[in-house]
Amino acid sequence: MIMKAFLFFALLCFLASTVSTSPLRYEAIFNFGDSLSDTGNFLLSGALSFPVIGKLPYGETFFRHPTGRCSDGRLIIDFVAEAFRLPYLPPYLALKKGQAFEHGANFAVAGATAMDAEYFYEKKIGAILWTNSSLNVQIDWFKKLKSSLCTSKQECDNYLKKSLFFVGEIGGNDYNYAAFVGGNIKQLRASVPLVVEAITNATSLLIEEGAVELVVPGNLPIGCSAVYLTLFQSPNKGDYDPRNGCLKAMNAFAKYHNNQLKKALQKLREKYPHANIIYADYYAPAKRLSHAPLHYGFSSGTLTACCGGGGPYNFNNSARCGHIGSKACEDPNTYANWDGIHLTEAAYRYIAHSLINASFNVTPSSLT
Ligand SMILES: *[C@@H]1O[C@H](CO)[C@@H](O)[C@H](O)[C@H]1NC(C)=O
Ligand SMILES: *[C@@H]1O[C@H](CO)[C@@H](O)[C@H](O)[C@H]1NC(C)=O
Ligand SMILES: *[C@@H]1O[C@H](CO)[C@@H](O)[C@H](O)[C@H]1NC(C)=O
Ligand SMILES: *[C@@H]1O[C@H](CO)[C@@H](O)[C@H](O)[C@H]1NC(C)=O
């Protein structure tokens, strides 16, 4: 009897430990995208148009030094890696020959677009691109890396089916560049089908390469972003959502992109029934924060940037975060917006945990 009870107890402990330590669900994570998920590539690429991300206050919160992340601390992809008990994704451009990267790599580059650079050069706005490392360039980097990770088709398929692929967020910059040179919403909407096609093309390519588990995030509510709120400031009260102070038209545009993306992903699921293609909704959780900032601990509000050089949303294009004339707030944890364009670690944590809760069966104890 005692023996039986003991065995039962041991079994319970065993079950409890397998649940709370959530056995490695994925062996690797590969990420493609822009500044929302870049963990160092842009900085390593040596491009000089935004070098302040290589200086404090960038990185002050968690890493305590700048890492090339466009935030005070961790990004959504860092929280995803934590949830699956995998190391933070090393930036592809930091990989040295012989370095271990069997747990994945990050190909995202700040400023990157879904469409290739040529598209912007043809439209005569190529000069404002921060980087030419578009989604296709990033996919080519992955293919190069893949040849060093596995050789036979069998070996590659086995490895890649246990890997998680994040395709985005990407596409936001395709619209940003167009908007910053004066494009109106009608022109932005006209480019959505191409941008969405670039994203689904890349997703298909990865599936053809052997990816099975894929996450494709949509855009954030950009009408709540300090940069848009500043650049498209309007004297007309009706342009703002009375519930949160965000620009209605820009948020409707982000939703339009997201809906087109969701439809295109549904088609992809029909084409590749063996693949698990998850749409990651960043819009809804970010919007929840701006509806009830205090409820989520954002006592300084969600629209004003923590780090900036003045103005109604603390975004000043002549004194952006990290430049002379700007300064960072005391406690970034109470802000959702970091530098006017990007979010704080606190906001990214909430969005990441919402995604993990909604789409993956990970135990809450691993979400800290
Ligand atoms: C992108 O490529 C073009 C043409 O090769 C080059 O002139 C430009 O400097 C590149 N831009 C960046 C940001 O690397
Ligand atoms: C998507 O792929 C198709 C087929 O290869 C190609 O014709 C099309 O131009 C691609 N679209 C974009 C936006 O890259
Ligand atoms: C924006 O920054 C410039 C340069 O530091 C400064 O002269 C200007 O007063 C700032 N604008 C606001 C609204 O704070
Ligand atoms: C995720 O789920 C856990 C457990 O149900 C909950 O405590 C936590 O608040 C959720 N987080 C988010 C961001 O939804």
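Predicted model: local features only at pLDDT ≥ 70, side-chain atom pairs only at ≥ 80, totals over all residues.

**Exercise 1.** Which residue in β3 is the bridge partner of Phe32?

*Solution.* Begin with the pairing of the strands: β1 (residues 28-32) runs parallel to β3, and 5 bridges join the two. Within β3, the bridge partner of Phe32 is Val167.

**Exercise 2.** Determine how many residues of β3 are buried, and assign them to the two faces of the strand.

*Solution.* A residue is counted as buried when 20 or more other C-beta atoms lie within 10 Å of its own. By this criterion, 5 of the 5 residues of β3 (residues 163-167) are buried, so the strand is largely enclosed by the rest of the structure. In a regular strand, side chains alternate between the two faces of the sheet. Ser163, Phe165 and Val167 lie on one side of β3, with Leu164 and Phe166 on the other. Both faces are therefore covered, given that strand β3 is largely enclosed.

**Exercise 3.** List the residues around ligand 1 and around ligand 3, and classify each shell.

*Solution.* Ala47, Ala117, Leu129, Thr131 and Asn132 surround ligand 1. This shell comprises 3 nonpolar, 2 polar and no charged residues. Around ligand 3 are Gly309, Gly310, Gly311, Asn316, Ser318, Ala319 and Gly325. Here the division is 1 nonpolar, 6 polar and no charged residues, with Gly counted as polar.

Key. Residues numbered from 1 in each chain as written. Chains lettered and ligands numbered in written order. Near = placed C-beta within 6 Å. Buried ≥ 20, exposed ≤ 12 C-beta atoms within 10 Å, placed from the backbone. Helix = DSSP H or I, 4+ residues; strand = E, 2+ residues; numbered from the N terminus. Pairing = 2+ DSSP bridges.
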